[in-house]
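Visitor: I've got a model open and I'd like to talk it through with you. Can we take it piece by piece?

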Amino acid sequence: MAQAHTIATLGSHSALQILKGAKDEGFPTLLITLKNRLDFYLQFPFIDECLGIDDYAQFSSLETQLLQKNSILIPHGSFVAYLGMEGNKHLKVPYFGNKEVLDWEASRDLQLQWMQASSVNIPRIFIAGEPIDRPVIVKLFGAAGGEGYFVAHDQQEFDLKLTKFSGQKYIVQEYLVGVTMYPHFFYSPLTKSLELLSVDRRYETNADALGRISANIDPSFVVVGNIPLVIRESLLPEAFSMAKRIIAASQKLIDPQGLYGPFCLETIVTPDQKFHIMEISCRIVAGTNAFINGSPYSYLLYDQPMSTGRRIAREIKLAIKQNKLDLILN
Ligand code: AMP
Ligand code: AMP
């Protein structure tokens, strides 16, 4: 009999959820983490094996061992952050998801092209030299987790603050006054179905603290937590439809199969009840950690605790059964 597949990931971001879900679906589990975190992760009974590394550069030296264990790597937010884009692309261990999507996630220009092809609302983009006639948010290319942004209310403030981004690539967007909503989806290339699994909003310092005092402080959007959310039911059909259009457009734009697996639409909802997409996250997002035991939405679909991590493991299980692993691994 063939050796069972081991589900493996890096110890950070959403690793606990991913490995708990894998264990619930019957897989052996393995974690690769920094040595100083071993103690923390070893306490969890659903992690069968932990491999310690001194730094992320050592990861590639473990690949032979991971291949021997018939491992499948589940990427999350720490993969690009710590292994780098090229490090991800060159992984030899089978990887859940389409690696072609990495370039589309990283480039603000490609994201824009993708969102425009999906007919979704996006914040107005200011081209170079265009007068700043309303509040804007300026984002460095490659910025993540809310770092590397600034807000300007008018041209003068924009010109003044831009000096700190000089020589770097950035994008200028209209600052939308609304609330953030981050719906989490899963698209199955096996059953060709789309599922809404949960929704969160981010907990951002110090943007989420400014309402507590009246002070003239620049907002910053560094994420330090996530808050579970249920959204007005009449907004759900549009959330679902946007995600469907994003998937359909990805299948035309991104070889060979477009986006599949878990993804998140980072949106702002304005008082006219319209979604505006700021970004597409093409993998499991950390906001799903609020739902390790399932969400109201995943309960409606599954009648049992179904996190995004467990949903990934279930997709792998189905692919093994149907002998279609090549459809979901890279
Ligand atoms: P960490 O796992 O904290 O080392 O972070 C790895 C990457 O994931 C970084 O780029 C973080 O900005 C991002 N990240 C971690 N947690 C969150 C979160 N709750 N929401 C959004 N991004 C996150
Ligand atoms: P992002 O990395 O694009 O998800 O943005 C991080 C955070 O910045 C979001 O969660 C929002 O709070 C804020 N933000 C980003 N873009 C906009 C925008 N166009 N208008 C208002 N707030 C924004």
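Visitor: Which residue is the bridge partner of Thr 6 in strand 4?

Guide: Keep in mind that this is a predicted model. Strand 1 covers residues 6–10 and pairs with strand 4 in the parallel sense, over 3 bridges. In strand 4, the partner of Thr 6 is Ser 71.

Visitor: What is the order of the strands in the open sheet?

Guide: The sheet has 4 strands, and the pairing is parallel. Strand 3 (49–53) and strand 4 (71–73) are the edge strands, each pairing on one side only. From one strand to the next the twist averages 25°. Read across, the order is 3-2-1-4.

Visitor: Helix 1 packs on that sheet; what angle does its direction make with that of strand 1?

Guide: Helix 1 takes in residues 15–24 and touches both strand 1 and strand 2 (29–34). Between strand 1 and helix 1 there's a loop, and His 13 lies in it. The direction of helix 1 and that of strand 1 make an angle of about 175°.

Visitor: What is the phi of His 13?

Guide: Most residues other than glycine have a negative phi. His 13 is not a glycine, yet its phi is positive. The value is about 60°.

Visitor: Let's zoom out. How far apart are the centres of domain 1 and domain 2?

Guide: The protein is divided into domain 1 (6–95), domain 2 (103–121 + 177–327) and domain 3 (125–174). Domain 1 puts 18 residues in contact with 20 residues of domain 2. Taken over C-alpha atoms, their centres are separated by 23 Å.

Visitor: Why does the largest cavity count as lying between two domains, and which domains are they?

Guide: The count comes to 1 cavity of 30 Å³ or more, and the largest cavity holds about 200 Å³ of space. Its lining has 20 residues, with Pro 75, Tyr 95, Phe 96, Cys 282 and Arg 283 nearest the centre. Helix 4 (77–89) and helix 5 (101–106) are the elements that give two or more residues to that lining. Both domains contribute to the lining, so the cavity lies between domain 1 and domain 2.

Visitor: How many of the residues lining the largest cavity are charged?

Guide: By class, 14 of the lining residues are nonpolar and 4 are polar. The charged ones number 2.

Visitor: How much space lies in the second largest pocket?

Guide: This pocket is lined by 16 residues, and Phe 126, Ile 127, Ala 128, Tyr 170 and Val 172 lie nearest its centre. Strand 5 (125–126), helix 7 (155–162) and strand 8 (170–174) each supply at least two residues of the lining. By class, the lining divides into 11 nonpolar, 2 polar and 3 charged residues. The space in the second largest pocket is about 280 Å³.

Methods. Residues are numbered from 1 along each chain as its sequence is written. Chains are lettered from A and ligands numbered from 1 in the order in which they are written. This is a predicted model: local features need pLDDT of at least 70, side-chain atom pairs count only at pLDDT 80 or more; totals for chains, interfaces and linings use all residues. Side-chain values use heavy atoms; hydrogens and water are left out. On a 1 Å grid over the protein atoms alone, a cavity is a set of points where a 1.4 Å probe fits but cannot get out, and a pocket is an open set with protein on both sides within 12 Å along at least five of seven lines; lining residues have an atom within 4 Å of a point. Grid points are joined across faces, edges and corners, and a volume is the space filled by probe spheres set on the points. Ala, Val, Leu, Ile, Met, Phe, Trp, Tyr, Cys and Pro count as nonpolar, Asp, Glu, Lys and Arg as charged, and the others, Gly among them, as polar. Domain bounds come from an automatic or database domain assignment. Two strands pair if DSSP finds at least two bridges between them. Axes are lines fitted to C-alpha atoms, for helices over the stretch in contact, and angles run from 0 to 180 degrees between N-to-C directions. Contact means heavy atoms within 4.5 Å.
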